[in-house]
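Thanks for asking me to look this one over. My notes are below, as numbered points you can check against the viewer.

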There are 2 protein chains.
Amino acid sequence: MKTEFKPYYAVIFTSTQNKNLDGYSEMSEKMETLAKQQNGFLGMDSARNTVGITVSYWDTLEAIKNWKQQSDHLQAQLKGRQDWYSWYNVKICKVEREYDFKAT
Amino acid sequence: MKTEFKPYYAVIFTSTQNKNLDGYSEMSEKMETLAKQQNGFLGMDSARNTVGITVSYWDTLEAIKNWKQQSDHLQAQLKGRQDWYSWYNVKICKVEREYDFKAT
């Protein structure tokens with residue numbers, strides 16, 4: 001029996017960074033810790049080479065909005081625009097379907 | 001005036017790889033070239049550290065389905081499951097909203 005799929009939301013954050021990243025990794029860790037404490041947080045994945053991609057998952061659009069407006073996060077966003085990011089893009093997406101593969 | 005946002009689709013492919021990656025990078029390049037030739041392909045971003053994230057963008061669900069069933073891509077998927085990936089997850093998402101930042 002296939003269980004019913006309950007849609008949830010993904011925030012795809014793609015970015016390119018500046019050379020001077022003073023304070024970035026501490027802030028990044030802090031934001032990850034805080035995000036995990038938010039209501040509706042489901043998980044996140046990150047990787048960075050030329051471009052960085054962080055995808056976070058949330059149970060509702062409301063949860064995404066609350067995290068966007070969280071006060072420490074607002075400061076981090078400002079600092080990010082001032083110092084660390086040369087460019088970023090944020091996409092709010094509804095996850096409609098998914099499947100997995102696991103090697104045996 | 002704000003132009004109207006036209007929803008499109010994202011495929012979020014997250015994966016972890018095995019140690020032996022013989023033939024992987026050639027196949028990966030070939031698939032990127034072929035994906036770009038598919039109808040409805042809009043773009044893609046990739047990064048890999050512990051986990052790899054590739055997000056590709058498509059104008060319709062039909063375009064995603066066609067790419068999934070493209071014959072060279074089917075062979076690549078099989079090879080990926082047999083040899084290269086210990087795990088992967090595919091999420092089909094509708095992009096509902098987005099915004100950009102660019103440093104001046």
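Predicted model: local features only at pLDDT ≥ 70, side-chain atom pairs only at ≥ 80, totals over all residues.

1. The chain holds 3 helices and 4 strands, and read from the N terminus its elements follow the order β-α-β-β-α-α-β. The C-alpha trace of chain A spans about 50 × 30 × 20 Å along its principal axes.

2. Now for the helix pair in chain A. Helix α1 (residues 24-37) and helix α3 (residues 71-84) of chain A have axes that come within 11 Å and cross at roughly 150 degrees. Angles over 145 degrees count as roughly antiparallel, so α1(A) is roughly antiparallel to α3(A). Their crossing is left-handed.

3. Which residues make the contact between these two helices? From α1(A) come A:Tyr24, A:Met27, A:Lys30, A:Met31 and A:Leu34, while α3(A) brings A:Asp72, A:His73, A:Ala76 and A:Trp84. By class, the residues of this contact of α1(A) with α3(A) are 6 nonpolar, 1 polar and 2 charged.

4. Chain B has a helix pair to look at as well. The axes of α1(B) and α3(B) come within 11 Å, with a crossing angle of roughly 150 degrees; α1(B) and α3(B) are therefore roughly antiparallel to each other. The crossing of α1(B) and α3(B) is left-handed. On the α1(B) side the contact uses B:Tyr24, B:Met27, B:Lys30, B:Met31 and B:Leu34, and on the α3(B) side B:Asp72, B:His73, B:Ala76 and B:Trp84. The contact of α1(B) with α3(B) has 6 nonpolar, 1 polar and 2 charged residues.

5. The largest pocket has a volume of about 1000 Å³. It is lined by 39 residues, and A:Phe13, A:Thr54, A:Trp67, A:His73 and A:Tyr85 are the closest to its centre. A:His73 also takes part in the helix contact of chain A.

6. Which elements supply at least two residues each to the lining of the largest pocket? They are β1 (8-17), α1, β2 (41-48), β3 (52-58), α2 (61-68), α3 and β4 (85-102) of chain A, together with β4 (85-102) of chain B. If you prepare a view of this pocket, please show both chains.

7. The second largest pocket holds about 860 Å³ of space. Among its 35 lining residues, B:Phe13, B:Thr54, B:Trp67, B:His73 and B:Tyr85 are the closest to the centre. Two or more lining residues come from each of β1, α1, β2, β3, α2, α3 and β4 of chain B, and also from β4 of chain A.

Methods
Residues numbered from 1 in each chain as written. Chains lettered and ligands numbered in written order. Heavy atoms only, no water. Axes fitted to C-alpha atoms, helices over the stretch in contact; angles between N-to-C directions. Parallel < 35°, antiparallel > 145°, perpendicular 65-115°, else oblique. Left-handed = near helix turned anticlockwise from the far one by under 90°. Contact = heavy atoms within 4.5 Å. Nonpolar A, V, L, I, M, F, W, Y, C, P; charged D, E, K, R; others polar. 1 Å grid on protein atoms, 1.4 Å probe; cavity = no way out; pocket = protein on both sides within 12 Å on 5 of 7 lines; lining within 4 Å. Points joined across faces, edges and corners; volume = space filled by probe spheres on them.
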